[in-house]
Amino acid sequence: MGGQASSPVSLEGVHVVVVGGGFGGIAAAQQLKSGGFSFTLIDMRDAFHHNVAALRASVKPGFAQRTFIPYAKTFGDSFVQGQVVRVNMETQSVILEGGKEIKFSHLILCTGTDGNFPGKFNTMASHQTAIQTYEDFVKQVQAADSVLVVGGGSTGVEMAAEIKTEYPEKRVILIHSRIALADPELLHSVRQEAKVVLVEKGVELLLGQKVLNMSELELNVTRKNTVVTTDKGTSLTTDLVISCVGLKVNSAAYASSFSDSLAENGALKVNEHLQVKGHPNVYAVGDCADVNEPKMAYHAGLHAAVAVDNISKSLSGNPLTPYHTGSVTMLLAMGHDDGVGQFNGFKLPRFIVTLGKSRDLLLWKSWREMKQKQP
Ligand SMILES: Cc1cc2nc3c(=O)[nH]c(=O)nc-3n(C[C@H](O)[C@H](O)[C@H](O)COP(=O)(O)OP(=O)(O)OC[C@H]3O[C@@H](n4cnc5c(N)ncnc54)[C@H](O)[C@@H]3O)c2cc1C
């Protein structure tokens, strides 16, 4: 990172603002901290959410406390809780809800994506309330004899597997509008194996069908014998409906200031150095960067390293580091006891994914990165 640049770097007058403390934001903040930079990390909540483990927290009592890590303990006064509503490029500052203004010399935007609970937790809630929300949801899952998971992308596949693994006696149905499950970027053989594992576990699959009466359904609350109909004429009853579709880029913080650099989905167009087009001191990292690759925590971490390195290099006048997407590495936890995935484009055996990801969901990595002890 910074220290590796060949010319000495003067950090005088440098203040980096990082907007969003997700996987990209905490990686950037930690690297700025160890590089001796003055920085401010801003998030609307007071704790980092390890949403990769959110689905386990939805089924396993007592687990949610491991999935939220308070920022202030790690970053002290360099963390500010608040919602960024605008970036003012004239004054080089970000504006928080309520009017507070924080100036920057360099800006790293990593506001990520929002989506349906429980895969994502979008609410502005305190650390303890956030944990309690998942604990309350576990009770809803426990109260249901049958669960319908809507959406068979990677999140839906993992959700269905988590429920069936923790509660094998429950009826779990996964409905997906396409025939193939999980992310399209995955190898066909990996997607096929995800299907095999779900069937082995006893998950019922309704593929190539869409729920017709979605708008009438109350999500995440157990309501016995709810009737669900599909566009292929299937009718079923279930006690609990969980939606795992529809991620949306969080562009509210920057959309008005960077309207010329927005992709259609609200992500920021970046050059190969991850600088927002036309703004060399502004970087986009993680899900809100318009990079052609699967949206992953793993990539957000890689982006953060490139952005911080490039801030350092731009200060010392060294050539900037390009970001190149590699072959896809993606691991799907299919409950704590199984998993499918690929490393660098090569399919992995199920037991390797289970050992490497499914047992702990890489929680240890984030607690280590935040230099805190996992409860
Ligand atoms: C259920 C699930 C499982 C997943 N599993 C994996 C996995 O196994 N491996 C993997 O690599 N990826 C996985 N992903 C994808 C991964 O979670 C995302 O790619 C990752 O979270 C992106 O990180 P990020 O830092 O870009 O944004 P996010 O993690 O979305 O964080 C954005 C942060 O910005 C904050 N924020 C947003 N707007 C504002 C604002 N205006 N002001 C202040 N703060 C703001 C939010 O509060 C949030 O903390 C999974 C995703 C889901 C939903």
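The legends below describe close-up views of aromatic pairs and of the ligand site in a predicted model.

**View 1. The tilted pair of phenylalanine 68 and tyrosine 134.** Among the nine aromatic pairs that the structure holds, the rings of phenylalanine 68 and tyrosine 134 have centres 6.0 Å apart and planes at 50°, so this pair is tilted. Because phenylalanine 68 belongs to strand E4 (residues 68-70) and tyrosine 134 to helix H4 (residues 127-143), the pair ties together parts that are 66 residues apart in sequence. Both phenylalanine 68 and tyrosine 134 are buried, and together with Phe117, Phe121 and Phe137 they form one aromatic cluster.

**View 2. The stacked pair of tyrosine 71 and phenylalanine 79.** With ring centres 4.6 Å apart and planes at 25°, tyrosine 71 and phenylalanine 79 make a stacked pair. Tyrosine 71 counts as buried at 1% relative accessibility, and phenylalanine 79 likewise counts as buried at 11%.

**View 3. A charge over a ring at tyrosine 167.** The charged end of lysine 170 sits over the ring of tyrosine 167, at 4.9 Å from the ring centre.

View 4. A nitrogen atom of the ligand lies 3.3 Å from a backbone N or O atom of methionine 44, while side-chain N or O atoms of arginine 45 and lysine 120 lie 3.5 Å and 3.1 Å, respectively, from an oxygen atom of the ligand. Taken alone the ligand exposes 990 Å², of which the protein buries 92%.

**View 5. The shell around the ligand.** Of the 33 residues that surround the ligand, the closest are Gly24, Asp43, Val84, Asp287 and Lys357. Helix H1 (23-34), helix H5 (154-166) and helix H7 (297-316) each give two or more residues to this shell, and H7 gives the most, with three. By residue type, the shell divides into twelve nonpolar, 14 polar and seven charged residues.

Notes. Residues are numbered from 1 along each chain as its sequence is written. This is a predicted model: local features need pLDDT of at least 70, side-chain atom pairs count only at pLDDT 80 or more; totals for chains, interfaces and linings use all residues. Side-chain values use heavy atoms; hydrogens and water are left out. Rings of Phe, Tyr and Trp (its six-membered ring) pair if their centres lie within 6.5 Å; planes under 30 degrees apart count as stacked, over 60 as edge-to-face and the rest as tilted. Helices (H or I, at least four residues) and strands (E, at least two) are DSSP runs, numbered from the N terminus. Buried means under 20% relative accessible area, exposed over 50%, partly exposed in between (1.4 Å probe, protein chains only). A charge sits over a ring if NZ of Lys or CZ of Arg is within 6 Å of the ring centre and within 35 degrees of the ring normal. A residue is near a molecule or strand if one of its heavy atoms lies within 4 Å of it. A polar contact is a pair of N or O atoms within 3.5 Å; within protein, one must be able to donate a hydrogen and the other to accept it, and residues adjacent in sequence count only if both atoms are side-chain atoms. Accessible areas come from the Shrake-Rupley method with a 1.4 Å probe; for residues, only the protein chains shown count as cover. Ala, Val, Leu, Ile, Met, Phe, Trp, Tyr, Cys and Pro count as nonpolar, Asp, Glu, Lys and Arg as charged, and the others, Gly among them, as polar.
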